[in-house]
Amino acid sequence: MTSTDLIALEPFEICTIRPPTENASLTFRLTRNCYWNKCRFCPVYKMGAVFSRRSLDEVLRDIERAKALDDLMREQGIGSPKYTQSDYSKLPGLADEILQVAKKAGHDVQTRRAAAELSADVDPRLAWFFSWFNDQPSLQDSLAHVLTWRLAGGETCFLGDADGLILKPEFLATVVNEIKSRFPSIKRFTVYGRTRTAARQRSLADLRAMAAAGLNRVHFGVESGSDRVLAFMNKGESSAEHVEGCLKIKEAGLSCSVYIMPGLGGTELSEEHATETARVINAAAPDFVRLRTLEIFPQTPLEKALKDGEFEECPEEQIIRELRIMISGIHVKTELLSDSASNLLDLYGKLPEDRGRFLKIIDDYLALSDRNKRIFSFNARLQSFLGQYGGLPEDLYETLSPYLREEGIDMRSCPDDILENIIRAIRSRLMP
């Protein structure tokens with residue numbers, strides 16, 4: 001590489017918020033943040049994030065930047081003869097080399113990862129959550145993003161942020177075609193969407209044009225099939241729009257993936273939430289149903305409703321009973337996935353074929369004593385945390401230190417109230 005080539009290299013914007021199935025995808029931001037941003041339960045865009053549409057030139061520039069970084073890694077021997085985890089160790093030196101050349105030339109390049117800017121009085125749990133957001137990635141961040149995609153096979157791409165369906169088909173087609181020309185190994189393109197956008201804003205011809213352009217799958221946050229729950233949570237969509245939007249997506253030839261949120265009805269609407277959600281799934285017949293259990297985040301409108309007595313949170317056992325109602329009531333063919341760290345039970349398989357197996361997992365949990373339910377929850381949450389972050393932060397390590405043994409963590413001597421607090425502390429830091 002020449003100095004001129006190195007000077008031209010820049011980071012590109014990536015999508016921090018994306019479906020779990022897209023964690024290892026190459027990502028590009030077509031919009032920033034969420035234009036609706038009113039859902040009571042959602043913490044994601046509540047700290048001053050402003051919605052904006054990116055211009056086509058901005059997006060095409062990012063694709064070019066990603067391609068340049070991908071080429072640079074190959075030219076530097078990364079990925080030869082194949083990509084390995086050890087390649088990550090080469091990225092800091094490569095980023096430093098680029099930065100040094102840029103500094104000598106008088107260029108200013110982003111050198112540090114920029115977390116969301118928060119005021120000093122933000123709840124520590126929310127500060128932890130937002131510390132993982134990265135609106136201004138550095139060169140090293142961008143290099144690592146491309147490397148992660150390559151290590152996963154280099155076949156998937158997610159286009160963000162919150163609702164890709166608001167974009168005109170022509171815009172999406174131009175972006176997808178450019179990505180395909182630069183990264184021909186990509187076989188799947190996905191976006192988040194709102195069912196209301198699919199039902200009311202996009203014509204069937206629009207959606208078919210998006211499918212023809214290369215879009216493969218849309219992820220919808222259905223959350224609930226109960227109109228009372230949707231209205232209370234200020235979702236801005238109705239159960240009828242959920243059904244219409246999903247059916248329209250499928251008719252256009254796109255794969256439909258929906259998220260439902262056990263616990264979202266609270267104690268008052270728990271059964272209605274479960275039965276009505278099963279009704280909507282039966283009517284919409286999505287290809288995938290993904291579970292994302294409610295977690296109430298600090299400084300969200302839902303936390304205020306909780307404090308004001310407008311909402312009562314479901315205990316974990318009640319949430320599992322909701323799942324039993326939902327799974328018993330879903331009769332269409334679909335794939336169920338528990339691919340969120342917020343979930344207590346691992347439920348992966350197909351309905352209706354695996355219904356009996358799912359119900360046995362649920363009933364085995366429900367048959368546990370109260371004490372063993374807590375131990376089960378602790379172990380499940382801890383494994384989810386370690387899976388997401390690879391280790392424990394200092395404060396959680398100190399909390400667990402009285403229960404550390406040579407053979408592992410032994411919570412048998414931990415009092416119930418302390419155990420509940422530890423479970424809650426771990427849950428509050430899990431990325432849903």
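**Backbone geometry, strand pairing and a helix contact**

Asp161 is placed in the loop between strand 4 (156-160) and helix 6. In this predicted model, the peptide bond that joins Gly160 and Asp161 is cis, with omega at about 10°. A cis bond also runs from Ser80 to Pro81, where omega is near 0°. Pro81 belongs to the loop between helix 2 and helix 3 (91-104).

Two residues other than glycine have a positive phi. For Asn37, phi is near 50°, and for Glu223, phi is near 65°. Asn37 is found in the loop between strand 2 (31-32) and strand 3 (52-53), whereas Glu223 lies in strand 6. The relative accessibility of Asn37 is 22%, so Asn37 counts as partly exposed. Glu223 has a relative accessible area of 8% and is therefore buried. Most residues other than glycine have a negative phi, and most peptide bonds are trans.

Strand 6 (residues 215-223) is joined to strand 7 by six bridges, and the two strands run parallel. In this pairing Gly221 stands opposite Tyr259 of strand 7. Strand 7 is in turn joined to strand 8 (residues 288-291) by four bridges, again with a parallel course. Here Ser257 has Phe288 of strand 8 as its bridge partner. Strand 7 (residues 255-260) is mostly covered, with six of its six residues buried. Ser255, Ser257 and Tyr259 point one way from the strand, while Cys256, Val258 and Ile260 point the other way; all are buried.

The loop between helix 11 (270-284) and strand 8 holds Ala285. Leaving aside residues up to four places away in sequence, Ala285 touches Lys250 and Val332. Phe12 is 273 residues from Ala285 along the chain, and the C-alpha atoms of the two are separated by 37 Å.

Helix 2 (residues 56-75) and helix 6 (residues 169-182) have axes that come within 10 Å and cross at roughly 15°. Because of this angle, helix 2 is roughly parallel to helix 6. The crossing of the two helices is right-handed. On the side of helix 2, the contact involves Leu56, Val59, Leu60, Ile63, Glu64 and Lys67. These residues meet Phe171, Thr174, Val175, Glu178, Ile179 and Arg182 in helix 6. By class, the contact of helix 2 with helix 6 has seven nonpolar, one polar and four charged residues.

Notes
Residues are numbered from 1 along each chain as its sequence is written. This is a predicted model: local features need pLDDT of at least 70, side-chain atom pairs count only at pLDDT 80 or more; totals for chains, interfaces and linings use all residues. Side-chain values use heavy atoms; hydrogens and water are left out. Axes are lines fitted to C-alpha atoms, for helices over the stretch in contact, and angles run from 0 to 180 degrees between N-to-C directions. Angles under 35 degrees count as roughly parallel, over 145 as roughly antiparallel, 65 to 115 as roughly perpendicular and the rest as oblique. A crossing is left-handed if the near helix is turned anticlockwise from the far one by less than a right angle, and right-handed if clockwise. Contact means heavy atoms within 4.5 Å. Ala, Val, Leu, Ile, Met, Phe, Trp, Tyr, Cys and Pro count as nonpolar, Asp, Glu, Lys and Arg as charged, and the others, Gly among them, as polar. Buried means under 20% relative accessible area, exposed over 50%, partly exposed in between (1.4 Å probe, protein chains only). Two strands pair if DSSP finds at least two bridges between them.
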